[in-house]
Each structure stands twice: as structure tokens, then as C-alpha cells.
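Morning, everyone. Please have the sequence and the model open while I talk.

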Amino acid sequence: TLIEPHGGTLCELIVPEAEREALREKALTLPSITLTPRQLCDIELLLNGGFSPLRGFLNRADYDRVVEEMRLQSGILWPMPITLDVSEAVARTLNPGDEVALRDPTGLLLAVMHVEDVWKPDKEREARLVFGTTSTEHPAVAYLMHEAGDYYVGGTLKGVQLPVHYDFKELRHTPAHLRAEFERRGWERIVAFQTRNPMHRAHKELTDRAAEEVGGHLLIHPVVGMTKPGDIDYYTRVRCYRKLLKYYPEGRAMLSLLPLAMRMGGPREAVWHAIIRKNYGCTHLIIGRDHAGPGKDSSGRPFYGPYDAQELVQKYQDELGIGVVPFKLMVYVPDQDTYKPIDEVKEGERTLSISGTELRRRLAEGEEIPEWFSYPEVVAELRRTHPPRHQQGFTVFFTGLSGSGKSTIANALMTRLLELTGRPVTLLDGDVVRTHLSKGLGFSKEDRSINVRRIGYVASEITKHRGIAICAPIAPYEADRQYNRQLISSFGGYIEVFVDTPLEVCEQRDVKGLYAKARAGLIKGFTGIDDPYEPPSNPEIVCRTTEETVEQCVEKILDYLYREGYLKKE
Ligand code: PPS
């Protein structure tokens, strides 16, 4: 017999087949809310019973007690507010007693909600009590303050269907499915491993030890809903987990994907994870160092203590009914070719470890990743989506006044790259862009901003596809350049080149005669004359065309690309 769900019954909220058609029909007459990515994750676990005993998004009284005491009105332990946030405009159209259709972004009906409360929450209080901080450096607090609507709608759900997934279908299970699978396999003691990162040998050793400790089987239960911004995408991770799975003894481990939207809420989140795993039929949960923590703030201070999560779950262990398997950090002991929890390492014993940052660096530089650290098949999967720099795309983004020499250097750089690499290169020059991409836009602040961000978007796509983009607009505003930098850097290299030619020189050159016209008042809002140019605050390269020739500028940029590894000498 398997462990009881939290609260005693598995609350699957999909109505019986016979009622679904009527519900769909009725929904046509109801107002609709289109769910956000995070709400889609939440509703999946509400509907499939992963969030048992919840029967919908929290109403006001449940919300208040969860925030303050980690309990539902019924007294049952529940640590995380699961709320449906909406804008003030939407909130104004809803009243207690109403019904509202909840849909995915394609319009597909997932559930009908019976509205119990509509209210404006005290977000600051929620942040402080639930996450222990009001700092928006905490991702959940940032979400709460900047992304979530200002009103909450609470009420029970009648589910029509689960959100649709087309990927990894055979690895997605509802709690009922997973429970049935455990029974089929005859598994009774099952320890779950929660993760949002790729797994390497340390994790393999740790999970093996955990399964031995509980005398049972292992469920690798990675989060594929929403994790911490900047994490490795789940497609890559799941391919890695699959490769790793082969290394467990036959019949010991199983992989299932959890469509959870994490909050990075540390201790409270750990209690939540325990409840979810219990609903999925697990008897134990591994809780490691800094479980579900968001890391450190910008001053280097961690949001939670390293073992706060373990302690909180252990405190409620009896009430939760699911066991905690606490784990210390695992380190490699090369002299014995084995992994050990750090507290079992003897004095003077040599240990090795590779941090996430160091791993990323090695991937980027195409450096060796030792076999003691990971398995060759896992590393191969990581390298597929994280190739060394010379196989990544990059963008060289020129900025400078009209007539500063951007286009000339950009064109010269393009021909040199074509000569050297044989790779596809796209030049997004100001004039080309304004003809093909931004026709109709003028030179107001808003239009320039749209123009520059459009260029950034196209460059980011080229970079994502591992090509080379060269951009050469004036790009007079720092905010737009920073926006592009952030966007493009998430896909590959971003190299900003400030063509720092003094206004007097540009004006003197006046290749197109535009400065003369601007001075004469024939062109209004000309950059440098009566419209601002904000010099870049952190360009990778500065070209001074009054001191350097075009060729020198180009060689300087090429040197940089070789030095940083974006180009490789054949
Ligand atoms: S921006 O600010 O980045 O959107 O500008 P960009 O797309 O690079 O376009 C600049 C070219 O347009 C011509 N032009 C003007 N420039 C600046 N201010 C005003 N008001 C203006 N009106 C027309 C000018 O020739 C710029 O080309 P370059 O190649 O920079 O000289």
C-alpha cells in the first residue's frame, strides 16, 4: 500500500467525462482569463492532484492563513500561496459567485472557476512572511512585485483538461499514474530527488546512497515547469537525465518530469516539495544543502541558511508523513576514487569539486570535463546545446554618431570575417535596416528605440542560430543598448564597439551633408546637434577613428574575437 496523499485524498479536479461537454458549452457564455506561464504550471498541479488537498486557487481566508501560519483554514499544513493573480481591470469585472473560464494562450478551456473572493493582497506582507525578504533580488519577490497582477481571484475549480504538452510525453505522469506505476512495479519505499540542474556523478552517488538508506527505490523528479532564470533549459537537462539513468542498477530508478513553477522559496518551498512528492506517492524526499534557494543577493549574502530547508521539513516531519533524507554537499576524494558527504571527509584528505560556474566556463572554452565529475554521455548532451565559444553565434554591435565611421568599419569587418571563417555573416547597417526592417519609422525617441530594439531582436535570432550579426545603427540611447546586450548575451556573444569620433570631426566630414542641413534647421532632432547621444558605459571595444585607420580598428576587433574564443585559428 502506498503513502496517503496530503490531507487524505488525492484531489483530482478534472470532472467526469460526461460533464465535460456541458462545461465546455457553458464556458462559451462565461468571461475568460488567459493563464500566464506560471499559472499554467500551477493549474496543472491543481488539476492533476499534485497540490492535494487544494481544490482551486486559494480564497482569501486560506491565503491569509497560509501566508501567516503555513496552514489552510482546515488546519492542514500548506506553505505556499497558490494564487490566481489578475490586473485591476480584470478584477473589476469579477464578483464572488461568478464563474470564469480559465484558458491557455491558444484559447483552450482548462477549467471553470467558481469565484469565492476577489481581493487586493498586501504583497509586501506576502513577500516578507513567505519568502523572508522584500528584496526584489529574490526571484519570487521580483515576480510578485513586477509581474503578478495586483489582485487575486480565489475559488474552486472544475477541470476540463490538463494543459497540453507535446514533449517528453512518456516521461510525464500525473500523481495517479505514478502511483499506479509504483504499484505495478511493487515499489513501496520511494525516495524522490528534486532537481533543476543537470545531474553528474555527485548526484548519482548521493541518490544511490539515499535509495540504500531508505532501503527502497529512487524517483528522479526534475522540475520542468519554471525554474530559476538562467538555468539550463529542461530539454537539455532531460536528455542528460536519460543518459544518467543507465548508470543505476537495473530496476532501481525511474525518471518522471514535474511541471512545477518553482518560487526558489527555500525552507517553505522545501515543505511544499515534500507535500507534492507525497501526493505523487513517494515516501521520502532528499533535501540537500540550500534546497530550492535562490542563492545570494548582490552583496553576497544568502537569502537562507544552508540547512534551513532541512530543518523546517524535519520540524513538520510527523505531520507531513513523508520522510526527509538530509544530505550534505558531496565531494570527490581522488585518492579513493569515490564521493563522500563533506562531513565524512577526514582531516587532510584531498577533495575535488567543480562548481556550476566552473563547469560553464569549461563548456564555453571547450575544455576537458573529467570523468570523475560526470559521465561522457551527459557531457556530450551538454556540449550539444552549450558548444564552445567558437561554435556559438555572436553579435558585433557598433554604436556612434552619424558619420563616425561605423558603416565603413562594419563593412570592412564583414569582409574580413568572410575571408577568415566561411561562416554566414549578416550586416544590419543603419540604412539597410531603415529600408527593410524599420521602414516608416522616424527619428523620435520612441521610433529610434523601436528601431534599435528591432535590430537587437534580429541579431539575437541570428546569434541563437550560431551565425554572426554585425549591427551599425547610431543607437544613441544606453537603455536600448543594454536591453539588446541582455537579450543577445543569453544566446551567444555580444561585443559592443563604440566608434568614438568627436562631433566636430563627424560634422567636418559631413559625408551626406546632413550636419549642414541640421545646423540650418532643415533637419530637426539630429543626433549630436539637437538630439542626444549617450556614450556607452561599458563597451567591449572603443575605436578612435581620428587616431586609428579602418584596418587597425578591424584588426583590434578580430584580436578581441580570437582572444575571447569566438573565433578560432584554423
Ligand atoms: S538610430 O538613432 O539608431 O535609430 O538611427 P539609425 O537607424 O542608425 O539611422 C541613422 C541614419 O539616418 C540618417 N538620419 C538621421 N540620423 C540622426 N538623426 C536624424 N534626425 C536623422 N535623420 C536622418 C543618417 O544618415 C544616419 O545615418 P549614418 O549612417 O549614421 O550617417
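Start with strand E6, residues 151-159. Seven of its nine residues are buried, so the rest of the structure largely encloses E6. Buried means under 20% relative accessible area, exposed is over 50%, and partly exposed lies in between, using a 1.4 Å probe and protein chains only. Strands (E, at least two residues) and helices (H or I, at least four) are DSSP runs, numbered from the N terminus.

A word on the source: this is a predicted model, where local features need pLDDT of at least 70, side-chain atom pairs count only at pLDDT 80 or more, and totals for chains, interfaces and linings use all residues. Residues are numbered from 1 along each chain as its sequence is written, and side-chain values use heavy atoms, without hydrogens or water.

Now, which strands pair with E6? Two strands count as paired if DSSP finds at least two bridges between them. Strand E2, residues 56-57, pairs with E6 in the antiparallel sense over two bridges. There, Gly56 sits opposite Thr156. Strand E3, residues 84-86, is also antiparallel to E6, with three bridges. Find Asp85; its bridge partner in E6 is Tyr152. Then comes strand E5, residues 109-119, antiparallel to E6 over eight bridges. Val112 has Lys158 as its bridge partner there.

On to helix H10, residues 266-279. How many of its 14 residues are buried? The count is 14 of 14. From first C-alpha to last, H10 reaches 20 Å, close to the expected 20 Å. That expected span is 1.5 Å times one less than the number of residues. Just after H10, Gly281 takes a positive phi of about 95°.
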